[in-house]
Amino acid sequence: MSSNPHVIHCSVGMRWGDMDAYGHINNVEIVRMLEEARVHAFGPPGGTGGPGDKPAVPLFSDVPPGTQSLVVEHRVRYVAELTYRNIPADVAVWISAVKGASLTLAYVIHDPVTRQACVRAETTLAFVDGATGALQRLTPAQREMAAAHTGASVFA
């Protein structure tokens with residue numbers, strides 16, 4: 001696992017029902033785990049959910065009213081089987097690219113027992129005005145917040 005200062009480590013539970021017929025976590029549930037890590041690290045999208053713990057970096061929760069953060073793309077590479085366990089997996093998450101109106105988040109899911117990397121993934125998200133659907137450029141404050149958590153792509 002990474003000791004890089006830009007990486008945020010999240011514990012994401014695996015559910016019994018996440019297991020498929022082969023005995024490992026189903027690929028659809030892997031994407032759910034990525035979403036849980038993203039929300040834990042960078043906050044739930046602004047205006048959603050109820051009060052809870054403050055995220056490590058409130059990049060998606062501290063946005064102007066009406067701003068949506070929408071998934072543009074997922075890229076997932078399965079490098080080892082993630083077997084169901086009744087303890088949370090470690091998901092390392094960081095920002096791997098910052099563009100004018102989008103961010104790419106990088107993830108590595110580690111088996112909680114063997115510590116082996118099982119999944120490498122990236123998600124690109126864009127900020128959008130909920131009323132008009134227009135892309136919103138990242139603000140200087142968002143860029144500054146992202147800078148401390150920016151590292152290399154898992155696919156570089």
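**A walk through the core and the sheet**

Let's start inside. The largest nonpolar core has 31 residues, and Met33, Phe42, Leu82, Leu103 and Ile109 touch the most other members. Keep in mind that this is a predicted model.

Where does this core draw from? Helix α1 gives the most, with 6 residues. As a general point, nonpolar side chains in soluble globular proteins tend to be buried together.

Take Met33. Setting aside neighbours within four places in sequence, which residues is Met33 in contact with? They are Val12, Met14, Ile25, Leu82, Ala89 and Ile109. There is also a second, separate core, this one of 8 residues. Trp94, Val108, Ala117 and Phe155 are among its members.

Now the sheet. It is open and has 5 strands, in the order β1-β3-β4-β5-β2, with antiparallel pairing. Which strands stand at the edges? Those are β1 and β2, residues 67-78 for the latter. Each has a single partner strand, so one side of each is left without a neighbour in the sheet. On average, neighbouring strands here are turned by 30 degrees against each other, direction ignored.

Next, strand β3, residues 89-98. Of its 10 residues, 8 are buried, so the strand is mostly covered. On one side, 5 bridges join β3 to β1, residues 8-12, and the two run antiparallel.

Val98 has Leu103 in β4 as its bridge partner. Val91 stands opposite Ile109, also in β4. Both Leu103 and Ile109 were on our list of core residues that touch the most other members. And how many residues does the hairpin from β3 to β4 run through? The answer is 3.

Last stop, helix α1, residues 27-42, where we find Arg32. Is Arg32 buried or exposed? Buried means under 20% relative accessible area. Arg32 has 18% relative accessibility, so Arg32 counts as buried. What does its side chain do there? The Arg32 side chain makes a polar contact with the side chain of Asp18, at 2.7 Å. Not counting residues up to four places away in sequence, Arg32 touches Gly13, Arg15 and Asp18.

Conventions:
Residues are numbered from 1 along each chain as its sequence is written. This is a predicted model: local features need pLDDT of at least 70, side-chain atom pairs count only at pLDDT 80 or more; totals for chains, interfaces and linings use all residues. Side-chain values use heavy atoms; hydrogens and water are left out. Buried means under 20% relative accessible area, exposed over 50%, partly exposed in between (1.4 Å probe, protein chains only). Helices (H or I, at least four residues) and strands (E, at least two) are DSSP runs, numbered from the N terminus. Two strands pair if DSSP finds at least two bridges between them. A polar contact is a pair of N or O atoms within 3.5 Å; within protein, one must be able to donate a hydrogen and the other to accept it, and residues adjacent in sequence count only if both atoms are side-chain atoms. Contact means heavy atoms within 4.5 Å. A nonpolar core is a set of buried Ala, Val, Leu, Ile, Met, Phe, Trp, Tyr and Cys residues joined through side-chain atoms within 4.5 Å. Axes are lines fitted to C-alpha atoms, for helices over the stretch in contact, and angles run from 0 to 180 degrees between N-to-C directions.
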